[in-house]
Amino acid sequence: MKTLIYSLLGPLFFLAACTNGKHEKQDSAVADSTTKNVSRETNKVKKSQTAALLSGYLKLKNALTTDDDKQAAAAGSEMVAAFASFDEKSLTSEQASAYSDIRDDAKEHAEHIGSNAGNIAHQREHFDMLSKDMYDMIRLLGADKPLYVDRCPMYNNNKGAMWVSEIKEIKNPYLGKTMPTCGTVKEELK
């Protein structure tokens, strides 16, 4: 009798153990899929928010390439508004902390550029620092399109400066119409 009970219970325990593991694997796969979807959605939100800031920055860069201080000032003001409307809720705590540091500096530079129409040299000084902040922000949050990191070796008494561009062709915002093609592409951001 004991043998019969043990012979029936053994396969029953075996089936229960196999079935339980199967559900755990299915639950884990569902959780992984959900996490990936949430992560993709979060990245889309971050990139779309970055797009507004990047749009203002690229308008600013393009205005400086043509020595247009008024358009540069307007783009600087546009960036200030984009920083104000940026929703940090989609960021992780680490990203939020890093973004906060970048935002504070970048917003200050954008404000200086926006309030200094007529003083393109001063706008370019702040653009130099703003470009470093935008580079850091793009590395932190990503962008919605490929971008290029360019460098002009001659700006600031040959100390050089970098900027972010949406095109591979060099259009120098530091030297403007004086030397529009001075510089090289140093990096591609995707």
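**Exercise 1.** Which salt bridge do the side chains of Asp-69 and Lys-70 meet in, and what is its N to O distance?

*Solution.* Before we start, a friendly note: this is a predicted model, where local features need pLDDT of at least 70 and side-chain atom pairs count only at pLDDT 80 or more, while totals for chains, interfaces and linings use all residues. Residues are numbered from 1 along each chain as its sequence is written, and side-chain values use heavy atoms, leaving out hydrogens and water.

Step 1: recall that a salt bridge puts a side-chain nitrogen of Lys or Arg within 4 Å of a carboxyl oxygen of Asp or Glu. Step 2: Asp-69 and Lys-70 form one at 4.0 Å, N to O. Step 3: check burial (buried is under 20% relative accessible area, exposed over 50%, partly exposed in between, with a 1.4 Å probe and protein chains only). Asp-69 is buried at 14%, whereas Lys-70 is exposed at 58%.

**Exercise 2.** Find what the salt bridge between Asp-67 and Arg-124 ties together.

*Solution.* Step 1: their side chains meet at 2.5 Å, N to O. Step 2: Asp-67 sits in the loop between α1 and α2 and Arg-124 in helix α4, so the pair links parts 57 residues apart in sequence. Helices here are DSSP runs (H or I, at least four residues), as are strands (E, at least two), numbered from the N terminus. Step 3: Asp-67 is partly exposed at 29% relative accessibility, and Arg-124 is buried at 9%.
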